[in-house]
Amino acid sequence: MSVTWIVVPGLAETPEEFGRVVELLPGEDVRVIDPWRTPISSDVDALRAAAGVEPDAEIGLVGHSIGGLAVLRWALTRPHEVSRLVLVDSSLTSETGLRAFYPGKRGDRAVRAAARFFGRAGVPQVLGPTIRRLIVRLGSMSNQDLLSKATAKARYGGETSWLLFWDELAGSWELAAEVAKLVAGPVDAIAPTTVLVATGGTSRFTAKGWLAGQQRLADRLGGAVEVLPNSAHLVHLDRPDAIATAVRRTNG
């Protein structure tokens with residue numbers, strides 16, 4: 001049976017960004033979840049439904065950034081469903097944020113109110129595309145954005161865009177705490193795992209501690225680490241070939 005690969009992007013990312021990864025895997029069934037339609041922190045059933053996976057499909061998962069936490073939860077809680085796992089510069093389980101800003105807390109309510117106000121005032125429409133360009137500039141070494149100006153404006157300049165970003169970030173903290181509990185004890189069953197770690201570009205400033213954290217995570221999972229010194233955090237823009245190679249290797 002062939003593997004259905006499901007890609008879960010990170011915070012404020014889009015399916016279009018992973019176009020090169022898909023192109024490099026022409027013989028594979030690759031489905032990229034749209035975080036703007038299905039939040040990354042959604043439960044496994046919601047993610048599975050978003051990918052349109054058949055009930056008896058053999059699944060491989062690729063998760064970038066906070067998407068790495070989402071696919072890790074999936075692989076740990078339903079090991080019978082997942083036969084391959086690739087973590088791409090995944091968020092770590094220690095990234096649990098500040099409890100004062102957890103969903104429903106006072107800080108969260110304040111941020112959400114501000115996001116709604118700015119949205120109604122049209123601030124995202126003015127600043128959204130610029131923020132997108134800044135994210136790509138700081139997060140990649142290639143500085144090549146795959147989004148058209150129209151798509152960037154639609155995605156990042158919408159009235160509710162900033163509220164969506166905040167919801168995903170706050171949700172990722174609870175997700176990290178949940179996954180931390182899952183890996184705290186012995187991991188009895190998990191799919192063969194590859195961990196890609198970016199240490200180039202702006203990532204080099206925190207590379208030592210970041211790589212150590214990724215190695216600890218890989219050790220808990222019995223996974224193999226591959227360091228990418230020629231990529232910053234947006235690996236799918238800098239090194240889509242590395243992701244495709246990891247998929248093919250894990251698939252074999």
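Helices (H or I, at least four residues) and strands (E, at least two) are DSSP runs, numbered from the N terminus.

This is a predicted model, in which local features need pLDDT of at least 70 and side-chain atom pairs count only at pLDDT 80 or more, while totals for chains, interfaces and linings use all residues. Residues are numbered from 1 along each chain as its sequence is written, and side-chain values use heavy atoms, without hydrogens and water.

S5 also runs parallel to strand S4, to which four bridges join it. In that pairing, leucine 87 is opposite valine 195 of S5.

| Partner of S5 | Residues | Bridges |
|---|---|---|
| S4 | 82-88 | four bridges |

Strand S5 (residues 193-198) is mostly covered, with six of its six residues buried, that is, under 20% relative accessible area (1.4 Å probe, protein chains only). Thr193, Val195 and Val197 point one way from S5, and Thr194, Leu196 and Ala198 point the other way.

The chain as a whole contains ten helices and six strands. Its C-alpha trace spans about 50 × 40 × 35 Å along the principal axes. Buried residues make up 50% of the 252 residues.

Note on methods: Two strands pair if DSSP finds at least two bridges between them.
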